[in-house]
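Q: Hi! I have a fold open on my screen and I'd like to talk it through. Can you help me read it?

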Amino acid sequence: MSSKDQVIVLIGPMGVGKTTVGRKLAKILGLPFVDTDALIIDTHGPISNIFEEQGEPTFRAYEEDAVAKALSEPGIVATGGGAVLSQKNQEALKSATVIYLSTDGKHMGSRLKSGNRPLLKNGLSDWRKIYDSRRKIYESVADVEINTSGQPLTATISEIREKLGIND
Ligand code: S3P
């Protein structure tokens, strides 16, 4: 196993299923699972409070720390949708296998309702604008892209395993 194979990172827009896919993949592969949003929450409290009281730049600084920590040990890492904005994170991701979960955006409306995301005050229209502004970055840092549109979790997992050459 090369060092790049030891950390698998999921990137992609808000609500695409990075945490769900990451958790499942970790279970199948018997590897630890880390979610960078969860690391931030554990240390600094709810994300919406951080945005409100300390501002987005502070959140992004916390996110850089969380990404560095998550990438320092073998495992599966789910990142927040904006983690790829940071140059530092983009550099750090070069040491890992990066999977971009993309979507055509259908069915996103219902998926986003359950979340409490400070950047989505105007719901789906904000989501679209933000995703469009980041598409190129996701594509440029990814080793593999999986289009999750209209496919169940099991199909996404199978595709990841196939593309990464992970056998039983
Ligand atoms: C963000 C995505 C969120 C969270 C924060 C900001 C973003 O994570 O990190 O609300 O900028 O796209 P999810 O992608 O898990 O929703």
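Q: What is glycine 105 in contact with, leaving aside its neighbours within four places in sequence?
A: Glycine 105 touches Trp127 and Arg128, where contact means heavy atoms within 4.5 Å. Keep in mind that this is a predicted model, where local features need pLDDT of at least 70, side-chain atom pairs count only at pLDDT 80 or more, and totals for chains, interfaces and linings use all residues. Residues are numbered from 1 along each chain as its sequence is written, and side-chain values use heavy atoms, with hydrogens and water left out.

Q: Okay, and where does glycine 105 lie?
A: Glycine 105 is in the loop between strand 4 and helix 7. Helices (H or I, at least four residues) and strands (E, at least two) are DSSP runs, numbered from the N terminus.

Q: Is glycine 105 buried or exposed?
A: Glycine 105 counts as buried, because its relative accessibility is 3%. The cut-offs are under 20% relative accessible area for buried and over 50% for exposed, with partly exposed in between (1.4 Å probe, protein chains only).

Q: How many Å apart in space are glycine 105 and aspartate 143?
A: They are 22 Å apart, C-alpha to C-alpha, and 38 residues apart in sequence.

Q: What about histidine 107, which loop is that in?
A: Histidine 107 also sits in the loop between strand 4 and helix 7 (108-113). Histidine 107 is exposed, with a relative accessible area of 59%. Its phi is near 70°, a positive value in a residue other than glycine.

Q: Switching to the sheet: in what order do the strands come?
A: The five strands form an open sheet in the order 2-3-1-4-5, with parallel pairing. Two strands pair if DSSP finds at least two bridges between them. At the edges are strand 2 (33-35) and strand 5 (144-147), each pairing on one side only. Neighbouring strands are turned by 20° against each other on average, direction ignored.

Q: How many bridges join strand 4 to strand 5?
A: Four bridges join them, and the two strands run parallel. Leucine 101, for instance, has isoleucine 146 in strand 5 as its bridge partner.

Q: And what does strand 3 pair with?
A: Strand 3 pairs with strand 1 over four bridges, in the parallel sense. Three bridges join strand 3 to strand 2, again running parallel. Valine 7 has glycine 75 in strand 3 as its bridge partner, while aspartate 35 stands opposite alanine 78.

Q: Which way do the residues of strand 3 point?
A: Gly75 and Val77 point one way, Ile76 and Ala78 point the other way, and all are buried. In a regular strand the side chains alternate between the two faces of the sheet.

Q: Which strands does helix 8 touch?
A: Helix 8 (residues 123-141) packs on the sheet, touching strand 1 (7-11), strand 4 and strand 5. Its direction makes about 150° with that of strand 4. For such angles, axes are lines fitted to C-alpha atoms, for helices over the stretch in contact, and angles run from 0 to 180 degrees between N-to-C directions.

Q: Why are arginine 60 and glutamate 56 separated by about one helical turn?
A: Because they are four residues apart in helix 5.

Q: Last one: is glutamate 63 buried or exposed?
A: Glutamate 63 is buried, with a relative accessible area of 2%. Arginine 60 also counts as buried, at 16% relative accessibility, whereas glutamate 56 counts as partly exposed at 29%.
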